[in-house]
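Please read them beside the structure itself.

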Amino acid sequence: MLYNSFVFIFLFLPCILVAYYGVAACFPARMANLTLVAGSLVFYGYWEWRNVFLIIASLGVNYGISILLLRHRRKWLLITGISLNLLCLGYYKYAGFFLANLDALLPGALPVLRLALPLGISFFTFQQIAFLVDTYQGKAVEADFSRYCLFVTFFPQLIAGPIVHHTEMMPQFKRPGAKRFNAENFSAGLLMFTIGLAKKVMVADNLAPIADLVFNDPAQAGTLDAWAGSLAYMLQLYFDFSGYSDMAIGLGKFFNIDIPQNFNSPYKAASVADFWRRWHITLSRFLREYLYIPLGGNRRGPDRTRFNLFVTMLLGGLWHGANWTFVFWGGYHGALLLLHRWWRRSGFQMPAAVARTSTFFAVLVGWVFFRAASVSDAFKVLGAMSRLDRLVTGQSVQFSFGIEMVVGILCAVLMVLFAPNSNSITTRHRFQIRYAVACGVLFFLCLLAMNEAVITNEPTKFLYFDF
(Lines give C-alpha, C1' and ligand atoms only; values in the text may rest on other atoms or scores of the structure.)
Protein backbone atom coordinates (compact mmCIF):
# COMPACT_ATOMS: atom_id res chain seq x y z
CA MET A 1 0.00 0.00 0.00
CA LEU A 2 1.60 3.22 -1.17
CA TYR A 3 1.46 6.39 0.91
CA ASN A 4 0.88 8.20 -2.39
CA SER A 5 -2.30 6.26 -3.18
CA PHE A 6 -5.96 7.08 -2.70
CA VAL A 7 -6.63 3.78 -0.95
CA PHE A 8 -4.09 4.63 1.74
CA ILE A 9 -5.05 8.28 2.24
CA PHE A 10 -8.83 7.95 2.07
CA LEU A 11 -9.43 4.40 3.30
CA PHE A 12 -6.67 2.79 5.32
CA LEU A 13 -5.44 5.86 7.21
CA PRO A 14 -8.86 7.11 8.40
CA CYS A 15 -9.86 3.56 9.40
CA ILE A 16 -6.73 2.87 11.45
CA LEU A 17 -6.91 6.27 13.16
CA VAL A 18 -10.57 5.81 14.13
CA ALA A 19 -9.97 2.22 15.23
CA TYR A 20 -6.88 3.06 17.29
CA TYR A 21 -8.30 6.05 19.16
CA GLY A 22 -11.71 4.40 19.47
CA VAL A 23 -10.28 1.27 21.07
CA ALA A 24 -7.95 3.35 23.25
CA ALA A 25 -10.93 5.30 24.59
CA CYS A 26 -12.92 2.19 25.53
CA PHE A 27 -10.39 -0.54 26.34
CA PRO A 28 -7.00 -0.97 28.04
CA ALA A 29 -3.88 0.31 26.32
CA ARG A 30 -2.85 -3.21 25.35
CA MET A 31 -5.92 -3.53 23.11
CA ALA A 32 -5.09 -0.27 21.36
CA ASN A 33 -1.55 -1.55 20.76
CA LEU A 34 -2.91 -4.79 19.32
CA THR A 35 -5.25 -2.80 17.07
CA LEU A 36 -2.31 -0.86 15.69
CA VAL A 37 -0.29 -4.07 15.22
CA ALA A 38 -3.20 -5.66 13.32
CA GLY A 39 -3.58 -2.58 11.14
CA SER A 40 0.16 -2.53 10.45
CA LEU A 41 0.09 -6.19 9.37
CA VAL A 42 -2.81 -5.42 7.04
CA PHE A 43 -0.76 -2.55 5.63
CA TYR A 44 2.23 -4.87 5.16
CA GLY A 45 0.20 -7.74 3.73
CA TYR A 46 -1.47 -5.50 1.15
CA TRP A 47 1.64 -5.93 -1.02
CA GLU A 48 1.99 -9.70 -0.66
CA TRP A 49 -0.05 -11.49 1.98
CA ARG A 50 2.38 -14.44 2.15
CA ASN A 51 5.10 -12.17 3.51
CA VAL A 52 3.01 -11.61 6.63
CA PHE A 53 3.97 -15.12 7.73
CA LEU A 54 7.64 -14.21 7.31
CA ILE A 55 7.46 -11.11 9.46
CA ILE A 56 5.40 -12.90 12.13
CA ALA A 57 8.00 -15.69 12.24
CA SER A 58 10.75 -13.08 12.49
CA LEU A 59 8.92 -11.36 15.35
CA GLY A 60 8.46 -14.62 17.24
CA VAL A 61 12.07 -15.79 16.88
CA ASN A 62 13.61 -12.44 17.79
CA TYR A 63 11.30 -11.90 20.74
CA GLY A 64 12.07 -15.39 22.04
CA ILE A 65 15.81 -14.74 21.81
CA SER A 66 15.39 -11.37 23.55
CA ILE A 67 13.61 -13.08 26.47
CA LEU A 68 16.45 -15.59 26.72
CA LEU A 69 18.95 -12.72 26.70
CA LEU A 70 17.07 -11.03 29.56
CA ARG A 71 17.31 -14.21 31.62
CA HIS A 72 20.73 -15.42 30.54
CA ARG A 73 22.97 -12.70 29.18
CA ARG A 74 25.17 -14.95 27.06
CA LYS A 75 27.10 -13.76 24.06
CA TRP A 76 26.42 -16.97 22.12
CA LEU A 77 22.70 -16.21 22.34
CA LEU A 78 23.27 -12.78 20.85
CA ILE A 79 25.45 -14.21 18.08
CA THR A 80 22.79 -16.82 17.35
CA GLY A 81 20.08 -14.16 17.09
CA ILE A 82 22.15 -11.92 14.83
CA SER A 83 23.15 -14.89 12.67
CA LEU A 84 19.54 -16.01 12.19
CA ASN A 85 18.53 -12.51 11.11
CA LEU A 86 21.45 -12.22 8.69
CA LEU A 87 20.80 -15.70 7.29
CA CYS A 88 17.19 -14.78 6.56
CA LEU A 89 18.20 -11.48 4.99
CA GLY A 90 21.03 -13.14 3.07
CA TYR A 91 18.79 -15.87 1.68
CA TYR A 92 16.19 -13.52 0.28
CA LYS A 93 18.46 -10.66 -0.73
CA TYR A 94 21.87 -12.09 -1.61
CA ALA A 95 21.62 -15.83 -2.34
CA GLY A 96 20.72 -15.26 -5.99
CA PHE A 97 23.52 -12.68 -6.35
CA PHE A 98 26.22 -14.98 -4.98
CA LEU A 99 24.98 -18.00 -6.92
CA ALA A 100 24.95 -15.96 -10.13
CA ASN A 101 28.56 -14.86 -9.54
CA LEU A 102 29.64 -18.41 -8.73
CA ASP A 103 27.85 -19.62 -11.85
CA ALA A 104 29.88 -17.12 -13.88
CA LEU A 105 33.01 -18.88 -12.60
CA LEU A 106 31.56 -22.40 -12.91
CA PRO A 107 29.02 -22.25 -15.77
CA GLY A 108 26.10 -24.62 -15.40
CA ALA A 109 27.28 -26.04 -12.08
CA LEU A 110 24.85 -24.14 -9.90
CA PRO A 111 21.10 -23.51 -10.07
CA VAL A 112 19.71 -20.09 -10.82
CA LEU A 113 17.83 -18.72 -7.82
CA ARG A 114 15.30 -15.94 -8.27
CA LEU A 115 13.49 -14.83 -5.13
CA ALA A 116 11.10 -11.92 -4.68
CA LEU A 117 12.53 -9.63 -2.02
CA PRO A 118 10.06 -9.31 0.87
CA LEU A 119 9.14 -5.68 1.34
CA GLY A 120 11.05 -3.89 4.08
CA ILE A 121 13.11 -6.93 5.10
CA SER A 122 16.34 -4.92 5.28
CA PHE A 123 14.78 -2.38 7.61
CA PHE A 124 12.92 -4.63 10.03
CA THR A 125 15.92 -7.00 10.14
CA PHE A 126 18.32 -4.21 11.11
CA GLN A 127 15.81 -2.88 13.63
CA GLN A 128 15.55 -6.26 15.35
CA ILE A 129 19.32 -6.82 15.32
CA ALA A 130 19.71 -3.46 17.07
CA PHE A 131 17.09 -4.52 19.63
CA LEU A 132 18.91 -7.78 20.39
CA VAL A 133 22.19 -5.93 20.88
CA ASP A 134 20.51 -3.33 23.11
CA THR A 135 18.87 -6.11 25.13
CA TYR A 136 22.22 -7.87 25.58
CA GLN A 137 23.79 -4.59 26.71
CA GLY A 138 20.95 -3.89 29.13
CA LYS A 139 19.73 -0.82 27.22
CA ALA A 140 16.35 -2.28 26.20
CA VAL A 141 13.86 -4.41 28.09
CA GLU A 142 10.60 -5.61 26.56
CA ALA A 143 8.68 -8.42 28.25
CA ASP A 144 5.37 -7.81 26.45
CA PHE A 145 5.09 -9.51 23.06
CA SER A 146 2.34 -7.17 21.82
CA ARG A 147 4.50 -4.12 22.56
CA TYR A 148 7.45 -5.76 20.83
CA CYS A 149 5.29 -6.42 17.76
CA LEU A 150 4.20 -2.79 17.79
CA PHE A 151 7.82 -1.63 17.98
CA VAL A 152 8.75 -3.59 14.85
CA THR A 153 5.57 -3.36 12.78
CA PHE A 154 4.44 0.24 13.45
CA PHE A 155 3.43 0.93 9.86
CA PRO A 156 4.79 4.47 9.35
CA GLN A 157 8.37 3.19 9.61
CA LEU A 158 7.93 -0.50 8.74
CA ILE A 159 8.74 -0.52 5.03
CA ALA A 160 11.66 1.90 4.60
CA GLY A 161 12.48 3.34 8.00
CA PRO A 162 13.63 5.51 9.59
CA ILE A 163 15.42 2.77 11.56
CA VAL A 164 14.38 3.35 15.17
CA HIS A 165 15.55 2.17 18.58
CA HIS A 166 13.26 0.58 21.14
CA THR A 167 14.34 3.11 23.77
CA GLU A 168 13.31 6.08 21.65
CA MET A 169 10.00 4.66 20.45
CA MET A 170 8.23 2.54 23.03
CA PRO A 171 8.34 4.95 26.00
CA GLN A 172 6.34 7.35 23.84
CA PHE A 173 3.40 4.91 23.69
CA LYS A 174 3.28 5.01 27.51
CA ARG A 175 3.31 8.78 27.91
CA PRO A 176 0.24 10.37 29.55
CA GLY A 177 -2.23 11.25 26.84
CA ALA A 178 -0.34 9.27 24.19
CA LYS A 179 -3.51 7.44 23.17
CA ARG A 180 -5.73 10.50 23.08
CA PHE A 181 -6.22 12.43 19.86
CA ASN A 182 -4.07 15.59 19.86
CA ALA A 183 -5.14 18.28 17.41
CA GLU A 184 -1.79 20.09 17.53
CA ASN A 185 0.16 16.93 16.75
CA PHE A 186 -2.31 16.06 14.01
CA SER A 187 -1.88 19.51 12.47
CA ALA A 188 1.92 19.25 12.53
CA GLY A 189 1.75 15.71 11.17
CA LEU A 190 -0.55 16.72 8.34
CA LEU A 191 1.84 19.50 7.32
CA MET A 192 4.84 17.14 7.37
CA PHE A 193 2.91 14.44 5.51
CA THR A 194 1.80 16.92 2.84
CA ILE A 195 5.33 18.25 2.33
CA GLY A 196 6.61 14.70 1.93
CA LEU A 197 3.80 13.82 -0.45
CA ALA A 198 4.59 16.89 -2.56
CA LYS A 199 8.26 15.92 -2.70
CA LYS A 200 7.28 12.52 -4.02
CA VAL A 201 4.48 13.15 -6.50
CA MET A 202 5.32 16.69 -7.65
CA VAL A 203 9.12 16.58 -7.76
CA ALA A 204 10.63 13.08 -7.60
CA ASP A 205 8.15 11.45 -9.98
CA ASN A 206 8.68 14.20 -12.56
CA LEU A 207 12.46 13.78 -12.41
CA ALA A 208 12.28 10.00 -12.80
CA PRO A 209 11.66 9.89 -16.59
CA ILE A 210 14.76 12.00 -17.24
CA ALA A 211 16.96 9.68 -15.20
CA ASP A 212 15.38 6.57 -16.71
CA LEU A 213 16.01 7.72 -20.29
CA VAL A 214 19.75 7.97 -19.67
CA PHE A 215 20.36 5.02 -17.35
CA ASN A 216 18.20 2.60 -19.32
CA ASP A 217 20.41 3.07 -22.38
CA PRO A 218 23.63 4.86 -21.33
CA ALA A 219 25.48 4.06 -24.55
CA GLN A 220 23.23 6.52 -26.41
CA ALA A 221 23.76 9.44 -24.03
CA GLY A 222 25.61 12.58 -25.02
CA THR A 223 27.40 14.79 -22.52
CA LEU A 224 24.46 17.02 -21.70
CA ASP A 225 22.17 14.01 -21.60
CA ALA A 226 24.42 12.24 -19.10
CA TRP A 227 24.67 15.31 -16.87
CA ALA A 228 20.91 15.86 -16.99
CA GLY A 229 20.16 12.21 -16.22
CA SER A 230 22.69 12.00 -13.38
CA LEU A 231 21.49 15.21 -11.75
CA ALA A 232 17.89 14.12 -12.23
CA TYR A 233 18.52 10.85 -10.40
CA MET A 234 20.51 12.55 -7.64
CA LEU A 235 17.56 14.85 -7.02
CA GLN A 236 14.92 12.18 -7.58
CA LEU A 237 16.46 9.93 -4.94
CA TYR A 238 16.62 12.73 -2.39
CA PHE A 239 13.09 14.00 -2.93
CA ASP A 240 11.72 10.46 -3.11
CA PHE A 241 13.37 9.07 0.03
CA SER A 242 13.26 12.25 2.12
CA GLY A 243 9.64 12.59 1.03
CA TYR A 244 8.92 9.09 2.31
CA SER A 245 10.69 9.87 5.58
CA ASP A 246 8.72 13.10 5.97
CA MET A 247 5.48 11.22 5.41
CA ALA A 248 6.52 8.58 7.95
CA ILE A 249 7.33 11.27 10.51
CA GLY A 250 3.99 12.97 9.80
CA LEU A 251 2.11 9.69 10.19
CA GLY A 252 3.86 9.10 13.50
CA LYS A 253 2.62 12.50 14.68
CA PHE A 254 -0.95 11.38 13.96
CA PHE A 255 -0.42 8.78 16.71
CA ASN A 256 1.49 11.22 18.99
CA ILE A 257 4.79 9.50 18.20
CA ASP A 258 7.98 11.36 17.29
CA ILE A 259 9.92 9.39 14.67
CA PRO A 260 13.54 10.58 14.34
CA GLN A 261 14.64 12.87 11.53
CA ASN A 262 16.26 11.02 8.63
CA PHE A 263 17.50 13.87 6.42
CA ASN A 264 18.99 17.26 7.18
CA SER A 265 19.70 19.03 3.86
CA PRO A 266 22.43 16.55 2.82
CA TYR A 267 23.31 18.36 -0.40
CA LYS A 268 24.33 21.40 1.63
CA ALA A 269 27.13 19.33 3.20
CA ALA A 270 30.64 20.79 3.22
CA SER A 271 32.39 17.39 3.25
CA VAL A 272 31.59 13.74 2.67
CA ALA A 273 31.68 13.15 6.43
CA ASP A 274 29.18 15.98 6.82
CA PHE A 275 27.05 14.41 4.07
CA TRP A 276 26.78 11.17 6.04
CA ARG A 277 25.72 13.09 9.12
CA ARG A 278 22.84 14.48 7.05
CA TRP A 279 21.85 11.64 4.67
CA HIS A 280 19.80 8.65 5.89
CA ILE A 281 20.74 9.64 9.42
CA THR A 282 19.25 6.59 11.13
CA LEU A 283 21.15 4.17 8.87
CA SER A 284 24.38 6.07 9.49
CA ARG A 285 23.68 5.81 13.21
CA PHE A 286 23.05 2.07 12.93
CA LEU A 287 26.25 1.44 10.97
CA ARG A 288 28.27 3.48 13.44
CA GLU A 289 26.82 1.92 16.61
CA TYR A 290 26.41 -1.69 15.49
CA LEU A 291 29.22 -2.17 12.96
CA TYR A 292 31.94 0.51 13.08
CA ILE A 293 32.26 0.66 16.88
CA PRO A 294 32.08 -3.15 17.40
CA LEU A 295 34.84 -3.51 14.79
CA GLY A 296 36.96 -1.30 17.04
CA GLY A 297 36.02 2.17 15.83
CA ASN A 298 38.96 4.52 16.24
CA ARG A 299 40.31 2.83 19.39
CA ARG A 300 42.93 0.58 17.81
CA GLY A 301 45.22 2.95 15.97
CA PRO A 302 45.00 4.84 12.68
CA ASP A 303 45.45 1.85 10.35
CA ARG A 304 42.70 -0.16 12.04
CA THR A 305 40.47 2.93 12.08
CA ARG A 306 40.84 3.33 8.33
CA PHE A 307 40.12 -0.37 7.82
CA ASN A 308 37.02 -0.22 10.05
CA LEU A 309 35.72 2.85 8.25
CA PHE A 310 36.21 1.39 4.79
CA VAL A 311 34.66 -1.98 5.69
CA THR A 312 31.67 -0.24 7.29
CA MET A 313 30.98 1.75 4.13
CA LEU A 314 31.57 -1.29 1.93
CA LEU A 315 29.01 -3.34 3.88
CA GLY A 316 26.70 -0.33 4.01
CA GLY A 317 26.79 -0.27 0.22
CA LEU A 318 26.08 -4.00 0.00
CA TRP A 319 23.13 -3.57 2.37
CA HIS A 320 21.43 -1.47 -0.30
CA GLY A 321 21.28 -4.28 -2.81
CA ALA A 322 22.75 -7.43 -4.32
CA ASN A 323 24.71 -5.81 -7.14
CA TRP A 324 28.35 -4.92 -7.66
CA THR A 325 27.25 -1.33 -8.28
CA PHE A 326 26.27 -0.99 -4.61
CA VAL A 327 29.55 -2.56 -3.47
CA PHE A 328 31.42 -0.10 -5.68
CA TRP A 329 29.32 2.79 -4.35
CA GLY A 330 30.04 1.81 -0.75
CA GLY A 331 33.76 1.42 -1.44
CA TYR A 332 33.78 4.76 -3.25
CA HIS A 333 32.30 6.53 -0.24
CA GLY A 334 34.69 4.66 2.06
CA ALA A 335 37.60 5.98 0.00
CA LEU A 336 36.15 9.50 0.07
CA LEU A 337 35.86 9.36 3.87
CA LEU A 338 39.48 8.21 4.16
CA LEU A 339 40.53 11.04 1.85
CA HIS A 340 38.55 13.47 4.03
CA ARG A 341 40.33 12.26 7.18
CA TRP A 342 43.71 12.76 5.52
CA TRP A 343 42.69 16.20 4.27
CA ARG A 344 41.48 17.24 7.72
CA ARG A 345 44.72 16.09 9.42
CA SER A 346 46.84 17.88 6.84
CA GLY A 347 45.37 21.21 7.90
CA PHE A 348 44.32 22.23 4.39
CA GLN A 349 41.41 24.65 4.24
CA MET A 350 39.14 25.62 1.38
CA PRO A 351 36.42 28.25 1.09
CA ALA A 352 32.99 27.04 2.23
CA ALA A 353 31.49 27.46 -1.25
CA VAL A 354 34.27 25.37 -2.79
CA ALA A 355 33.89 22.69 -0.11
CA ARG A 356 30.13 22.45 -0.66
CA THR A 357 30.45 22.40 -4.46
CA SER A 358 33.18 19.74 -4.50
CA THR A 359 31.18 17.59 -2.05
CA PHE A 360 28.06 17.96 -4.19
CA PHE A 361 29.82 16.69 -7.31
CA ALA A 362 31.69 13.94 -5.45
CA VAL A 363 28.35 12.65 -4.19
CA LEU A 364 26.89 12.97 -7.70
CA VAL A 365 29.55 10.63 -9.10
CA GLY A 366 28.66 8.07 -6.44
CA TRP A 367 24.97 8.20 -7.33
CA VAL A 368 25.82 7.24 -10.91
CA PHE A 369 27.02 3.84 -9.65
CA PHE A 370 24.06 3.61 -7.28
CA ARG A 371 21.58 4.00 -10.16
CA ALA A 372 23.32 2.18 -12.99
CA ALA A 373 22.34 -1.39 -13.83
CA SER A 374 26.00 -2.43 -13.89
CA VAL A 375 29.44 -1.03 -13.17
CA SER A 376 30.14 -0.88 -16.90
CA ASP A 377 26.96 1.16 -17.46
CA ALA A 378 28.05 3.55 -14.72
CA PHE A 379 31.36 4.13 -16.47
CA LYS A 380 29.51 4.72 -19.74
CA VAL A 381 27.50 7.51 -18.10
CA LEU A 382 30.60 9.00 -16.44
CA GLY A 383 32.44 8.75 -19.74
CA ALA A 384 29.66 10.60 -21.53
CA MET A 385 29.70 13.29 -18.81
CA SER A 386 33.40 13.89 -19.42
CA ARG A 387 33.45 13.86 -23.25
CA LEU A 388 32.97 17.22 -24.93
CA ASP A 389 32.93 15.62 -28.39
CA ARG A 390 29.48 14.19 -27.56
CA LEU A 391 28.16 17.42 -26.14
CA VAL A 392 24.61 17.14 -27.38
CA THR A 393 23.84 13.47 -27.98
CA GLY A 394 25.53 10.20 -28.65
CA GLN A 395 24.42 8.03 -31.54
CA SER A 396 20.88 9.37 -31.63
CA VAL A 397 18.81 12.37 -30.65
CA GLN A 398 16.31 10.50 -28.48
CA PHE A 399 17.72 11.98 -25.28
CA SER A 400 17.34 15.63 -26.27
CA PHE A 401 15.66 17.22 -23.26
CA GLY A 402 13.27 20.10 -23.56
CA ILE A 403 13.93 23.43 -21.89
CA GLU A 404 11.20 22.70 -19.34
CA MET A 405 13.13 19.65 -18.13
CA VAL A 406 16.33 21.66 -17.78
CA VAL A 407 14.50 24.36 -15.86
CA GLY A 408 12.93 21.72 -13.65
CA ILE A 409 16.32 20.23 -12.77
CA LEU A 410 17.80 23.66 -12.04
CA CYS A 411 14.85 24.55 -9.80
CA ALA A 412 15.26 21.30 -7.90
CA VAL A 413 19.00 21.99 -7.47
CA LEU A 414 18.23 25.44 -6.07
CA MET A 415 15.70 23.90 -3.66
CA VAL A 416 18.15 21.40 -2.18
CA LEU A 417 20.95 23.95 -1.93
CA PHE A 418 19.13 26.98 -0.56
CA ALA A 419 15.58 26.21 0.60
CA PRO A 420 14.84 25.29 4.24
CA ASN A 421 14.21 21.60 4.76
CA SER A 422 10.91 20.14 5.91
CA ASN A 423 12.09 19.62 9.48
CA SER A 424 13.01 23.28 9.92
CA ILE A 425 9.64 24.29 8.47
CA THR A 426 7.58 22.06 10.73
CA THR A 427 9.67 22.82 13.82
CA ARG A 428 8.44 26.40 13.58
CA HIS A 429 4.89 25.20 12.95
CA ARG A 430 2.08 26.82 14.88
CA PHE A 431 -1.46 26.45 13.66
CA GLN A 432 -2.53 29.51 11.70
CA ILE A 433 -5.24 29.92 9.09
CA ARG A 434 -2.83 30.97 6.36
CA TYR A 435 -0.65 27.91 6.94
CA ALA A 436 -3.73 25.68 6.93
CA VAL A 437 -4.84 27.17 3.61
CA ALA A 438 -1.35 26.77 2.10
CA CYS A 439 -1.21 23.17 3.31
CA GLY A 440 -4.68 22.50 1.89
CA VAL A 441 -3.75 23.94 -1.51
CA LEU A 442 -0.55 21.90 -1.61
CA PHE A 443 -2.43 18.75 -0.62
CA PHE A 444 -5.01 19.37 -3.36
CA LEU A 445 -2.23 19.79 -5.95
CA CYS A 446 -0.73 16.51 -4.75
CA LEU A 447 -4.09 14.79 -5.24
CA LEU A 448 -4.24 16.12 -8.80
CA ALA A 449 -0.75 14.74 -9.46
CA MET A 450 -1.75 11.39 -7.95
CA ASN A 451 -4.87 11.28 -10.10
CA GLU A 452 -2.81 11.95 -13.20
CA ALA A 453 -0.50 9.07 -12.24
CA VAL A 454 -3.49 6.77 -11.87
CA ILE A 455 -4.86 7.80 -15.28
CA THR A 456 -1.56 7.32 -17.09
CA ASN A 457 -0.25 4.41 -15.06
CA GLU A 458 -0.09 3.03 -11.52
CA PRO A 459 1.37 5.36 -8.84
CA THR A 460 5.14 4.94 -8.61
CA LYS A 461 6.49 3.20 -5.54
CA PHE A 462 9.22 4.69 -3.40
CA LEU A 463 12.77 3.94 -4.54
CA TYR A 464 13.92 2.58 -1.18
CA PHE A 465 11.24 -0.11 -1.27
CA ASP A 466 13.73 -2.00 -3.49
CA PHE A 467 16.49 -1.84 -0.89
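1. Tyr92 has a relative accessibility of 26% and therefore counts as partly exposed, where partly exposed covers the range between buried, under 20% relative accessible area, and exposed, over 50%, with a 1.4 Å probe and protein chains only. Tyr91, at 42%, is also partly exposed. This is a predicted model, in which local features need pLDDT of at least 70 and side-chain atom pairs count only at pLDDT 80 or more, whereas totals for chains, interfaces and linings use all residues. Residues are numbered from 1 along each chain as its sequence is written, and side-chain values use heavy atoms, with hydrogens and water left out.

2. The second aromatic matter concerns Tyr238 and Trp279, whose rings form a tilted pair with 6.5 Å centre to centre and 40° between the planes. Rings of Phe, Tyr and Trp (its six-membered ring) pair if their centres lie within 6.5 Å, and planes under 30 degrees apart count as stacked, over 60 as edge-to-face and the rest as tilted. Because Tyr238 lies in helix α10 (residues 223-254) and Trp279 in the loop between α11 (272-278) and α12 (281-292), the pair ties together parts that are 41 residues apart in sequence; helices here are DSSP runs of H or I with at least four residues, numbered from the N terminus. Tyr238 is buried at 7% relative accessible area, and Trp279 is buried at 1%.

3. How many aromatic pairs does the rule give? The count comes to 67 aromatic pairs. Among them is the pair of Tyr91 and Tyr92, which is edge-to-face, with 5.2 Å centre to centre and 75° between the planes.

4. Lys93 lies over the face of Trp319, 5.1 Å from the ring centre, and the charged end of Lys200 sits over the ring of Phe462, 5.0 Å from its centre.

5. The largest pocket has a volume of about 770 Å³, the volume being the space filled by probe spheres set on grid points that are joined across faces, edges and corners. A pocket is an open set of points on a 1 Å grid over the protein atoms alone, where a 1.4 Å probe fits, with protein on both sides within 12 Å along at least five of seven lines, and lining residues have an atom within 4 Å of a point. Of its 27 lining residues, Ile82, Ile129, Phe286, Tyr290 and Leu291 are the closest to the centre. Helices α4 (75-93), α6 (121-136), α12 and α13 (302-319) each supply at least two residues of this lining, and α4 gives the largest share, 6 residues.

6. What of the disulfides, for which two cysteine sulfur atoms must lie within 2.5 Å? A search of the whole structure finds 0 disulfides. The sulfur of Cys439 is 9.0 Å from the closest cysteine sulfur, in Cys446, which is too far for a bond, and the sulfur of Cys411 is 17 Å from its closest, also in Cys446, again too far.

7. A cis peptide bond, with omega about 0°, joins Gly161 and Pro162, and Pro162 lies in the loop between α7 (145-153) and α8 (166-173). His280, a residue other than glycine, has a positive phi near 45° and is buried at 0% relative accessibility.

Methods:
A charge sits over a ring if NZ of Lys or CZ of Arg is within 6 Å of the ring centre and within 35 degrees of the ring normal. A disulfide is a pair of cysteine sulfur atoms within 2.5 Å.
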